[in-house]
Amino acid sequence: MFPLRSRFNVPAFFVLLSVLLLPGALQILQAFPPAENIDFDEKYKQLLQEAKSAPSPGTLKEVAFDAINASQAAIHSGDYTAAVKIAALAVKIGKSSGNNHASVTANSLKQRCTILSREYRDVEKFHQQLQKDPNDANAAALYGKFVALKLNNWKEGLFWLARGDDAEYRTLAKQEIANSQDASALLAVANGWYQLADKEKGLTKQELEMHTYDLYSQIWPQTVGAGRAALNARLSEMPLRYLNHMEEQDVLPGPWPFAKNGESGNGKGMFTINHVEYSNGLGLHPPNNGFARVRYQLDGQYKTFVTGVALIDATAEVRRSVTFTVFGDDRVLWKSPLIRVRGEAVFCKVSVRNINRLEIRTESPGQAYGANAVWLDPHVLK
């Protein structure tokens, strides 16, 4: 099973689980999703049989994530009908397994597949037209918007938008392709997408804002001083912001260093929960008989804090339970149940209205061996 990547489903437009991107320097015909060597009808039957014969809830959980993987593969191959069908099966299996992580992930994926299936019906004829005539500028623009905005596959989407007849999208697509490795130029491109978002409405506006955010977050690690302050102001305007892209304060680490960018702090790269990656996750392993914490200044700008909490897949044994706590201005806003088992995730959505300082904390009441605690893409919403 290859790792999935996840984003949380706050409103539906944030359910943009990553799809596999095609390599650069695309040939025209290579820009179409490749045909997967998978019979999705047979795969559905296989998963259904595996679920019926599963000997334990743990095995059911694994089948649920296999179904999630298969639905993702169907998206990648462009078979959105199969993706919806398999995602619906994943929801049923996840619920039967009793695993909250499987259930939440499958439900988010089903919502996304349903949206994609509906949206693709509106552009299918343009996709087919491009297979006949790759130089059809109108078809390229309309299909390119579907691929970029709905699939969140900007690498392929930019290819078509750059060939399309929508002048604003075409110009920005060409600029992004040409300046993907130039941080200062990419900042100007991101600002251009943000200005374009102001002209759009509904989901299109929000999807463009998310792409703008993605570009800003790429630039964020490369900024210092006045440049970082300016980018921080831009990011503060966004409707969503990951803690990963905020200045952390008062860090009190445990035996592992505080970690960002989907790492746990053990120095072994990106962590997974049931083989799902969280690229904006934070690692905060507590010490023995104590807690680890990190703080962020919100200045009352946000309304909601959303996250998940778990122990990483690499956890072998936990000597004591771990608790995760969210504080707002030194007041407890949310506290997890005791977590001792890997493969389970608990999700949190709590108001931070008028909160100036946010603190997240992990704690172990005894020996913290195996307390490999992580926060799953924690973010704030306006």
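User: Within what distance do the axes of helix 2 and helix 4 come, and at what angle do they cross?

Analyst: Helices are DSSP runs of H or I of at least four residues, strands are E runs of at least two, and both are numbered from the N terminus. Axes are lines fitted to C-alpha atoms, for helices over the stretch in contact, with angles from 0 to 180 degrees between N-to-C directions. For helix 2 (residues 57–77) and helix 4 (residues 100–132), the axes come within 10 Å and the crossing angle is roughly 20°.

User: On what basis are these values given, and how are residues numbered?

Analyst: This is a predicted model, in which local features need pLDDT of at least 70 and side-chain atom pairs count only at pLDDT 80 or more, while totals for chains, interfaces and linings use all residues. Side-chain values use heavy atoms, with hydrogens and water left out, and residues are numbered from 1 along each chain as its sequence is written.

User: Is helix 2 roughly parallel or roughly antiparallel to helix 4?

Analyst: Angles under 35 degrees count as roughly parallel, over 145 as roughly antiparallel, 65 to 115 as roughly perpendicular, and the rest as oblique. The axes of helix 2 and helix 4 cross at roughly 20°. Helix 2 is therefore, relative to helix 4, roughly parallel.

User: Which residues of helix 4 are met by helix 2, and what is the class composition of the contact?

Analyst: Contact means heavy atoms within 4.5 Å. From helix 2, Lys61, Ala64, Phe65, Ile68, Ser71, Gln72 and Ile75 meet His101, Ala102, Thr105, Ala106, Leu109, Arg112, Cys113 and Leu116 of helix 4. Ala, Val, Leu, Ile, Met, Phe, Trp, Tyr, Cys and Pro count as nonpolar, Asp, Glu, Lys and Arg as charged, and the others, Gly among them, as polar.

User: How is helix 2 oriented relative to helix 3, roughly parallel or roughly antiparallel?

Analyst: The axes of helix 2 and helix 3 come within 8 Å and cross at roughly 165°. Helix 2 is therefore, relative to helix 3, roughly antiparallel.

User: What is the class composition of the contact between helix 2 and helix 3?

Analyst: Residues of helix 2, including Leu60, Val63, Ala67 and Ala74, meet residues of helix 3, including Tyr80, Ile86, Ala90 and Ile93. By class, this contact of helix 2 with helix 3 has 16 nonpolar, 4 polar and 1 charged residues.

User: How many residues of helix 6 are buried?

Analyst: Buried means under 20% relative accessible area, exposed over 50%, and partly exposed in between (1.4 Å probe, protein chains only). Among what covers the buried residues of helix 6 are helix 4, helix 5, helix 7 (167–178), helix 8 (183–199) and helix 9 (202–219). Helix 6 is largely enclosed by the rest of the structure, because the number of its residues that are buried is 7 of the 8.

User: Is Asn274 buried or exposed?

Analyst: Asn274 lies in the loop between strand 4 (272–273) and strand 5 (276–277), and its phi is positive, near 55°. Most residues other than glycine have a negative phi. With a relative accessible area of 4%, Asn274 is buried.

User: Is Asn354 buried or exposed?

Analyst: Asn354 is in the loop between strand 11 (345–351) and strand 12 (357–364), and it has a positive phi of about 65° although it is not a glycine. At a relative accessible area of 60%, Asn354 is exposed.

User: Which residues does Glu237 touch beyond four places in sequence?

Analyst: Glu237 lies in helix 10 (residues 225–237) and counts as partly exposed at 43% relative accessibility. Not counting residues up to four places away in sequence, Glu237 touches Tyr194 and Lys382.
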